[in-house]
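These are my notebook entries on one chain. I looked up its strands, its salt bridges and its surface in turn.

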Amino acid sequence: MSQRVRRILIALSAAVVALVGTGAPVHAHGFASTAYADVKENDAGRPSTTVALEYDLLVVSAADAAHDDALFREGTTAFETGDARSRAAVLDARADAVVGYVTDRFSLSSDGHPCTPRRHGGFTMTRRDGAPYAVLALDWTCAGGDAELEVRSTLFPDAERYVKGTKTIVTYEVDGLAGSAALDAAHPSFLIGQSWYQRFWEFFRLGAEHLLTGIDHILFLLALIAGSRSPREVVLVATAFTLAHSVTFLLAALGLVEVPAAVVEPVIALSIAVVAGWHLWRLARRRDGAAEPSEPPEPGGAGHFRLDRAGWSRLGVVFCFGLVHGLGFAGALGIEAAWSWTLLWSLLVFNLGIEAVQLAIVGLLFPVLAVLRRRSPRAGHWATGLVAAGVAVMGLTWFAQRLAGL
């Protein structure tokens, strides 16, 4: 084995070890939260908002910020044993602490002047992505006149150490302007009148970051890359995965399909192990340790795409698992406004961000493996085997843990 090949093999192995090491948490997406805010005008022509936040997280964070032990005790009890009405009643009874927490971290301003919030009605409850959410309605009085509104959100910051990487999805319809935006710690505010390309970039970035921080989806891609025998095959499986997850992503994010996370997450983990294990099984059949041929062995009878039976079977399995991964992607937004053209546009841009990162990973890693296989078939055999083995172990570990609810 040449020195260059050895360096490539070591680098690939190190990459897998690093990815597996970072994937230690049971939930590969990390403990994140998404808040939702809708900005409109009320009957008086003033801004009004409805803010939806995870109930249990809101209770813990507000109680901690206000040093309100009663809110924590009563809110936790209602979360564990109560219904929607009892949960809302707890928030109404401790409204000063809860509303104070929200309005300290979610605000509107006009021409640089902060708007003054006033609670409108009591708390209500809803569900998003299988979790109970508290909904708070606020009316705002702004001193900036007709100046452009700025929306800011620093809800559930990392510094609280309860969740990491909170996103706030904002939709708005104010002064004849309609759109949506995604806020996080790096980009906590936006102007209602922002340009279309600024909105495009926010959701594109959000999609790209979601794939990069979703270690389970990255490991699934690694398994696809390791098991592909030719550029044609990796393009086909990547396209099948893209088409499948795009369909269910849009359907689920628009509220047309709903599958509990308790089902989706274990199946995603299982898909990782199955795709990686499939490649390990194919390698094990080649007892001489040589690499698989770069093209399927039946080019004359494999159809337009020149795939053999194994290639078509793998393509079908990848497509089916891609449908499940799309449900996982949709959980990042959980928007419940079916057939809203503004939100549909945002969802498509979010998906483009996912696809850009996916294509970059395939474009960077597959050529490296191709070069390695060409220079040393045996090294390519062991490199893809190491990748698949590491991915399979993590997939099975996550599958068992998610089934157990750990």
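I began with terms: helices (H or I, at least four residues) and strands (E, at least two) are DSSP runs, numbered from the N terminus. I noted that this is a predicted model, in which local features need pLDDT of at least 70, side-chain atom pairs count only at pLDDT 80 or more, and totals for chains, interfaces and linings use all residues. Residues are numbered from 1 along each chain as its sequence is written, and side-chain values use heavy atoms, with hydrogens and water left out.

Entry 1: salt bridges

I took a salt bridge to be a side-chain nitrogen of Lys or Arg within 4 Å of a carboxyl oxygen of Asp or Glu. I found eleven salt bridges by this rule.

I looked at Arg-205 and found a salt bridge to Glu-209, with the closest N and O atoms 3.4 Å apart. The two residues are four apart in helix 6, so about one helical turn separates them. Arg-205 counts as buried because its relative accessibility is 6%, whereas Glu-209, at 28%, counts as partly exposed.

Arg-205 also meets Asp-184 in a salt bridge (2.8 Å, N to O). Arg-205 lies in helix 6 (residues 196-213) and Asp-184 in the loop between strand 10 (177-183) and strand 11, so this pair ties together parts 21 residues apart in sequence. Both Arg-205 and Asp-184 are buried.

I then examined Arg-402, whose side chain forms a salt bridge with that of Glu-265 (3.2 Å, N to O). This pair links distant parts of the chain, for Arg-402 is in helix 12 (residues 377-404) and Glu-265 in helix 9, 137 residues apart. Arg-402 is buried at 8% relative accessibility, and Glu-265 is buried at 17%.

I also recorded a network of salt bridges that links Asp-68, Glu-74 and Arg-94.

Entry 2: strand 7 and its partners

I counted two strands as paired if DSSP finds at least two bridges between them. Which strands pair with strand 7? Strand 2 (residues 47-54) runs antiparallel to strand 7 and is joined to it by seven bridges; within this pair, Thr-50 has Ala-137 as its bridge partner. Strand 5 (residues 116-119) pairs with strand 7 in the antiparallel sense over four bridges, and Pro-117 is partnered there by Trp-140. Strand 6 (residues 124-128) is likewise antiparallel to strand 7, with five bridges; Arg-127 stands opposite Pro-132. Strand 7 (residues 131-141) is mostly covered, with ten of its eleven residues buried.

I looked up Met-125, which lies in strand 6.

I traced four strands in an open sheet with antiparallel pairing, in the order 4-3-8-11. Strand 4 (113-114) and strand 11 (189-191) are the edge strands, each pairing on one side only. Strand 8 (residues 149-153) is joined to strand 11 by three bridges, and Glu-150 stands opposite Leu-191.

Is Val-263 buried or partly exposed? Val-263 is in helix 9 (residues 261-285), and it counts as partly exposed because its relative accessibility is 45%.

Notes:
Buried means under 20% relative accessible area, exposed over 50%, partly exposed in between (1.4 Å probe, protein chains only).
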